[in-house]
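Please read these notes with the model open beside you.

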Amino acid sequence: MVADQETTQFTYQYSPITLAEGREETVGEEEVAKEEEVAMLPDVKSATAIVQPVKGELNKSMSMETKVYRRRWIMLALFVLVFMTNAFQWIQFSIINNLITKYYGVESSTVDWTSLVFMVAYIPLIFPGAWIMDKMGLRVTLLLGAFGTTAGAWTNVMSVAPDRFYVALMGQTLCATAQVFLLGVSPNVAAVWFGPEQVSSACAIGVFGSQVGIALGFLIPPILVKDHELKDDIGADLLFMFYIVAGVSTLLLLVVIVVFQAKPSLPPSTARCLASQQPSPTPLTYYRSVKRIVTNRDYNLLLLTYGINVGVFYAMSTLLNQVVLQHFPGEEENAGRIGLTIVLCGMLGSVLFGVILDRTHKFKETTLAVYVFVLASMAAYTFTFKLEHIAVTFVTAGVTGFFMTGYLPVGFEFAAELTYPEPEVTSAGLLNASAQLFGIIFTILGGWLLGNYGSLVCNGTMLAALLVGAALTLPIRAELKRQKANQTAEDTPTKDAKEAVKDGNP
């Protein structure tokens, strides 16, 4: 018995037996071979099918064995931690935008590119990244993500000088490249290591990596980097923060090298077992897989709705410092705390909606309900800035984050259902590419509107975009192909057993 085995599902062996005697039709050579094989079995007189449950043995032809291992939690935790350090660096400059402009002597719109580069880099690299994930597996993918994150962190250490903003952009670009190997991997980690009753929850926890990193990215930079009179003092604070990030990233890279595994010995679910039996991907099969995904009508609608929702979140996060300081001057730390509130509430939403999906499998209904609440909460966030009470902004921002960030795992899992048996990393990667594209558009447009017309017009435009996204969710058909695959596989042994009994065979 495997030490870390938690659950073992029975393996069913099917031995088709067809008797030629008394039949008028011609029996082919393949059927005769099967009959001769059956004749060698003891105590078999007449049967049309034998259903034999076997525990711990795998029939080479038609049986499937699944196991769920305890070490899956270690693999998920490592992925979450690496993802966290990468996501931290996405927002670490933008949340102290006013201090970065002061230290490096650049415009606030230029500082926005330290976040925008994550979105820009992802779009052209999505297909190479997904190909590497599909071809080389989880271990290689996570190693590339961890290495790129570490390299970017140490490059940022070297950027601490008033005339080295270009070095900071280089470091952010390295981190953005590493993000390609992390951002769409959550559903794949969940599918490879977790059973059907935990896969949505595991995906939600995987998204935590990003959310925890963003939360810390909102919280820590305003605490560590203060608004000093002298640039050298600001530089010393930046250097201290960058050293911490680089040290943590390096430690995680070493742990991933030693501990992380590509996949368990046996798949955790029937759906994963069937998917793993697909031929090894080639450039042609990968192209065909992408073609099937992008010609899926329902997936294309989800692609737009997901991109709008998450793109608004990216823009909202990038511009948060500027929006808050426009209404509450001198509140840099509270701007970070508002961002932290958004993400922490979003983490709760991710868990809640992941559990709801595992329990109900109501993917479209959950998606639509979340979108409606995103609309309502974004409207409250937009219009309550006029009250000029920062406590109210904390509340409305938190509620918006709960639903907006909670939508992330819902979108990933719905996409996996609509496109099964295509690789989860491809469907998730395309969703993220859509989010990056909309994020670039909304961030640039929002920054311009914020500077020229104020936060009401900026946030109101985002609200209008979310309304379009909610409308596009309505025509999506909930064809849950992965759920059907699991259900069909579970029903087959029972169905065959009943037929055997009906034919007079025990």
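1. W90 is buried, at a relative accessible area of 5%. Here buried means under 20% relative accessible area, exposed means over 50%, and partly exposed lies in between, with a 1.4 Å probe and protein chains only. This is a predicted model, in which local features need pLDDT of at least 70 and side-chain atom pairs count only at pLDDT 80 or more, while totals for chains, interfaces and linings use all residues. Residues are numbered from 1 along each chain as its sequence is written, and side-chain values use heavy atoms, with hydrogens and water left out.

2. Across the whole structure, a search gives 19 aromatic pairs. Rings of Phe, Tyr and Trp (its six-membered ring) pair if their centres lie within 6.5 Å; planes under 30 degrees apart are stacked, over 60 edge-to-face, and the rest tilted. W90 and Y314 are edge-to-face because their ring planes stand at 65°, with the centres 5.5 Å apart. The pair links distant parts of the chain, 224 residues apart: W90 is in helix α2 (residues 72–91) and Y314 in helix α13. Y314 is also buried, at 9% relative accessible area. Elsewhere, one aromatic cluster is formed by Y306, Y371, Y407 and F412.

3. Which residues touch the most other members of the largest nonpolar core? They are L238, M378 and L466, in a core of 128 residues. Helix α13 (residues 297–318) gives the most to this core, namely 12 residues. A nonpolar core is a set of buried Ala, Val, Leu, Ile, Met, Phe, Trp, Tyr and Cys residues joined through side-chain atoms within 4.5 Å. Leaving aside residues up to four places away in sequence, L238 touches I96, I100, Y103, Y104, V160 and V225; contact means heavy atoms within 4.5 Å.

4. Helix α18 (residues 424–453) has 30 residues and should span 44 Å at 1.5 Å a residue; its end C-alpha atoms are 41 Å apart, which agrees. The expected span is 1.5 Å times one less than the number of residues. Because 21 of its 30 residues are buried, α18 is largely enclosed by the rest of the structure. G454 follows α18 and has a positive phi, near 95°.

5. The chain has 20 helices and 4 strands, which are DSSP runs numbered from the N terminus (helices H or I, at least four residues; strands E, at least two). Of its 506 residues, 55% count as buried. Among contacts between residues at least 6 apart in sequence, 85% join residues at least 24 apart.
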